[in-house]
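Keep the structure open as you read.

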Amino acid sequence: MTRYALSALSLAMMLALSAACKRPSPTPAAKEISSSDQVVKVFSHFIPSASPPANVELVISPGFHVNANPATFPYLIATEVQPGKVDGITVGDKLAYPPPKMETFSFAEQPLAVYEGSITIPILLTAVAGATGRRTIPFKIRVQACDAEKCYPPATLDAALPVDIAAIKR
């Protein structure tokens, strides 16, 4: 091989390796799913300049959905964010869940209110008078993931939100 051919081959191999490393992890196949926590991931964000300054984000794998809050029927497990208590910070009583997407599925006679993709639940925070420093608010997020044919066992996901109390007071 010529020096040019070797260089071109090396470059092609490096580009292929680079592309392979950047691919997101594959979505689990339905037959590999044993619990909802395999298709729903949770992230918490504290953004002092935003209003409200915090949120919980759920990322649902493609091809799956979770029931909205409120769920279409009482027997369905609604997505629910439950903030824990922490000294120095009050978390708002009522969480504003995003509007659902109405989807029709073969297992339901009428459209169901669901969340797909990425959803954000804003978290209203208030600093308690005299509180200072940093705190971490724990969260429990209850979800039940489903695909187009069936639902999987529900899961409770844990998240933690580090908060600077001085930033809340601004």
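Asn67 counts as buried, because its relative accessibility is 3% (buried means under 20% relative accessible area, exposed over 50%, and partly exposed in between, with a 1.4 Å probe and protein chains only). This is a predicted model, so local features need pLDDT of at least 70 and side-chain atom pairs count only at pLDDT 80 or more, while totals for chains, interfaces and linings use all residues. Residues are numbered from 1 along each chain as its sequence is written, and side-chain values use heavy atoms, with hydrogens and water left out.

You'll find Asn67 in strand E3, residues 65-67 (strands are DSSP E runs of at least two residues, numbered from the N terminus). Setting aside neighbours within four places in sequence, Asn67 is in contact with Leu76, Ile77, Ala78, Thr79, Ala113, Val114, Tyr115 and Gln144, where contact means heavy atoms within 4.5 Å.

Now for the rings. Searching the whole structure turns up three aromatic pairs (ring centres of Phe, Tyr or Trp, the last by its six-membered ring, within 6.5 Å; planes under 30 degrees apart are stacked, over 60 edge-to-face, the rest tilted). One of them is Phe73 with Tyr75, stacked at 5.3 Å centre to centre with 5 degrees between the planes. Phe105 and Phe107 also stack, at 5.4 Å centre to centre and 10 degrees between the planes.

How exposed or buried are these rings' residues? Phe73 is partly exposed at 24%, and Tyr75 is exposed at 62%. Phe105 is buried at 9%, whereas Phe107 is partly exposed at 38%.

Conventions:
Helix = DSSP H or I, 4+ residues; strand = E, 2+ residues; numbered from the N terminus.
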